[in-house]
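Morning, everyone. I have one structure to show, and I will keep this brief. Please look at the screen.

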Amino acid sequence: MADSPELLKGIVLVRAFALGGIDLVIQARAVFLGMVIYAVGITLSNRAMWRSPGFRKRVLKPIAVWLENDGGEQEGQAEVLHGVLALFLMTQTRVTNIPLFILSEVQLQVLASMDLSTCELSLTSIILQYTSFFAFGGSNAISSVDLSNAYNGVSGYSVAAVALLTFCANWAGPIWWVTATLLLMGRKRRDRCRGVRQLQLSSTCFIATTNMSVMLACTLLRTHLFIWTVFSPKYLFTLAWCFGQYFCISMTAFKLYMWLWGQ
């Protein structure tokens, strides 16, 4: 709202809830803290050590009753965590990209209605991750990196915080599709664990192949005229896809999913 107020001009409800006078850093931190507390609460409610009758009756029963939907409690918890992540990504991406999340949700429902095999789902996930990256305004040029939301909730320069928020702002679409793919995989009650492992293997093979291809091209064309304007930025973005999207996002999501719902 503070980033692009002209897009919300005339919306009375937004004006009514505008927190004028409160520092934007405090507002962003409050939003982030609320999402973290909610996500942690949902995560811990799924572990056996938090399933004592007294604790669940006093604290977790309202949440558990709400999550008991047609898909079951585990699927409900995964969908809630996915929703919290989507809300966080909406706060990080450009305001004009928020409608793309609606389009992505429509695509997710279409894919859910199809009987895709694990191999087809893995290939579709990889394609949609890269498609959403470019659809959200990304490219292989350093100048396309969006820094408008890199300081949300940050009062001073912090390498770790700014780098994390910058990555989430520019890779919002691919991050969303990682958890969306796990939702689709979770609906396959049979062979759920094996499906997640195959998804992990497919992602590993793809990222290894792309990294090898880019490094080979940069090595062979190291004397080319465009080595610093084309190949070098592409190599940097490949590293971001490898270490950021693959290791930090995909592998963490796969391991967390197996830890929570793999048994």
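Predicted model: local features only at pLDDT ≥ 70, side-chain atom pairs only at ≥ 80, totals over all residues.

Start with the fold. The chain has ten helices and zero strands. Read from the N terminus, the order of elements is α-α-α-α-α-α-α-α-α-α. There are 263 residues in the chain, and 40% of them are buried. Now the contacts. Take those between residues at least 6 apart in sequence: 73% of them join residues at least 24 apart. As for the surface, the chain exposes about 15200 Å².

How many cavities of 30 Å³ or more does a search of the whole structure find? Four. I will stay with the largest cavity, which holds about 110 Å³ of space. Which elements give two or more residues to its lining? Three helices do: H6, residues 118-135; H9, residues 192-220; and H10, residues 227-261. H10 gives the most, with four residues.

Going up in number, we have Ile-126, Gln-129 and Tyr-130, then Ser-203, Phe-206 and Ile-207, and finally Trp-241, Gln-245, Tyr-246 and Ser-250.

Ser-132 sits in helix H6. Is Ser-132 buried or exposed? Its relative accessibility is 6%, and the cut-off for buried is under 20%, so Ser-132 counts as buried. What does Ser-132 touch, leaving aside neighbours within four places in sequence? Its contacts are Gly-173, Pro-174 and Trp-177.

Over to helix H10, where we find Tyr-235. Tyr-235 has 30% relative accessibility. Buried means under 20% and exposed means over 50%, so Tyr-235 counts as partly exposed. Again leave aside neighbours within four places in sequence: Tyr-235 is in contact with Val-214, Met-215 and Cys-218. One distance to go with that. Tyr-235 and Ala-217 are 18 residues apart along the chain, and 9.6 Å separates their C-alpha atoms.

To recap: ten helices, four cavities of 30 Å³ or more, a buried Ser-132 and a partly exposed Tyr-235. Thanks, and over to you for questions.

Terms used:
Residues numbered from 1 in each chain as written. Heavy atoms only, no water. 1 Å grid on protein atoms, 1.4 Å probe; cavity = no way out; pocket = protein on both sides within 12 Å on 5 of 7 lines; lining within 4 Å. Points joined across faces, edges and corners; volume = space filled by probe spheres on them. Buried < 20%, exposed > 50% of the residue type's maximum accessible area, 1.4 Å probe, protein only. Contact = heavy atoms within 4.5 Å. Areas by Shrake-Rupley, 256 points an atom, 1.4 Å probe, with all protein chains shown as cover.
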